[in-house]
Amino acid sequence: QAATPAGLWLNPKGTVAVRAAPCGDRLCGWIAWATPEAKADAHDGGVDQLIGVELLRDYRPTGDGGWSGTVFVPDMGRSFFSTITTAGAGELKIKGCLIGGFFCK
């Protein structure tokens, strides 16, 4: 089983903090803190209350040390298939993909 990336994580821009934790047999993550700018961007995407939004949904271990699930992008108001991998000590990399693992960012 992959090490669980549970904890409080800050995005690279420092505008959102996400608390990742087990949710049943999976991993989920909710927005715990956000800057006024992030809240405004989310509002433009149709999300009125950003704090508490489930950003990481139904992640399962992939067997190679990573996790796969669905990431919700509040400023777009859309969800995408994504993967989580460790990028070094205290860092995670979340990659979202549009179509079946293609067009990833």
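**View 1. Antiparallel pairing of strands E2 and E3 in the predicted model.** In this predicted model, strand E2, which covers residues 16-23, pairs with strand E3, covering residues 26-34, in the antiparallel sense and over eight bridges. Within this pairing, Pro22 stands opposite Leu27 of E3. The hairpin of E2 and E3 has two residues between the strands, and in this hairpin Gly24 adopts a positive phi near 70°.

**View 2. The disulfide between Cys23 and Cys28.** The structure holds one disulfide, and this link joins Cys23 to Cys28 with an S to S distance of 1.9 Å. A disulfide is a covalent bond between the sulfur atoms of two cysteines. The link of Cys23 and Cys28 is right-handed, with 60° about the S-S bond.

**View 3. Exposure of the two linked cysteines, Cys23 and Cys28.** Cys23 has a relative accessible area of 24% and is therefore partly exposed, since the buried class lies under 20% and the exposed class over 50%. Cys28, by contrast, counts as buried because its relative accessibility is 2%, a value to be set against the cut-off of under 20% for buried residues.

**View 4. Strand E3 and its pairing with strand E4.** Strand E3 is joined by three bridges to strand E4, which spans residues 54-61, and these two strands run antiparallel.

Methods. Residues numbered from 1 in each chain as written. Predicted model: local features only at pLDDT ≥ 70, side-chain atom pairs only at ≥ 80, totals over all residues. Heavy atoms only, no water. Disulfide = S-S within 2.5 Å. Buried < 20%, exposed > 50% of the residue type's maximum accessible area, 1.4 Å probe, protein only. Pairing = 2+ DSSP bridges. Helix = DSSP H or I, 4+ residues; strand = E, 2+ residues; numbered from the N terminus.
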